[in-house]
Amino acid sequence: MGFQQIVYDEPAAAVEGDFASSNPRFVALAGPEGFVSGGNAGGGTSGCVVGRFAWANAAGVVTNGGTGAPTGFVHREQQAVITAWLNESTMVIPAGLPVTVYSGGDFWAKTETVATVGQKVFASNTTGAIKTGAAGATVSGHTETRWVVCTAGAANSLIKISSNTQG
């Protein structure tokens with residue numbers, strides 16, 4: 001990124017992992033010691049990536065990869081820590097640090113596919129990243145979640161997703 005070269009007139013709407021509303025949100029229940037970041041940040045990095053789906057094992061270790069329905073979504077709470085030399089930003093929560101996983105709510109997420117309102121959200125079984133599609137569809141390498149798309153968006157853009165029932 002380096003030295004600032006652009007000044008925008010308006011602030012960004014959100015950052016991936018932000019709350020998208022003030023509607024009810026639900027934290028997944030953890031054991032007595034809570035959840036901690038595991039060793040898979042969806043690309044080999046040690047840690048868990050913010051703004052993606054995650055799976056927790058019986059020991060409370062959270063990773064961005066898993067099978068079956070994900071435990072929930074990792075909200076952005078300024079918990080990512082820059083540990084790589086000279087990096088300017090990160091969305092990775094290093095392995096061993098606490099993680100809050102939300103099993104419900106409304107969030108901003110980055111979609112890898114074009115999204116239309118009402119589509120289902122599919123979580124990557126290796127990275128926790130999302131793709132969208134019709135309910136009951138098969139998306140290779142992804143698991144259908146109970147979450148739905150609430151705002152339309154182009155591929156690789158931020159959209160609002162929700163686990164709350166619509167209407």
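**A tour from the core to a loop**

Start by selecting Phe-53, Phe-73, Val-121, Ile-130, Trp-147 and Ile-161: these have the most contacts inside the largest nonpolar core, which has 14 residues. A nonpolar core here is a set of buried Ala, Val, Leu, Ile, Met, Phe, Trp, Tyr and Cys residues joined through side-chain atoms within 4.5 Å. Strands are DSSP runs of E with at least two residues, numbered from the N terminus.

Before moving on, know that this is a predicted model, where local features need pLDDT of at least 70 and side-chain atom pairs count only at pLDDT 80 or more, while totals for chains, interfaces and linings use all residues. Residues are numbered from 1 along each chain as its sequence is written, and side-chain values use heavy atoms, leaving out hydrogens and water.

Next, pick Ala-28, Val-50, Val-74 and Ile-93, which are among the 10 residues of a second, separate core.

Then click on Cys-48, which is buried (under 20% relative accessible area; exposed is over 50%, partly exposed in between, with a 1.4 Å probe and protein chains only) at 0%. Cys-150 is partly exposed, at 27%.

Last stop: Asn-125, in the loop between strand 11 and strand 12 (130–133). Its side chain reaches the backbone oxygen of Gly-66 at 2.8 Å, and a polar atom of that Asn-125 side chain lies 3.3 Å from the backbone nitrogen of His-142.

Notes:
Helix = DSSP H or I, 4+ residues; strand = E, 2+ residues; numbered from the N terminus. Polar contact = N/O pair within 3.5 Å; in protein donor to acceptor, adjacent residues only side chain to side chain.
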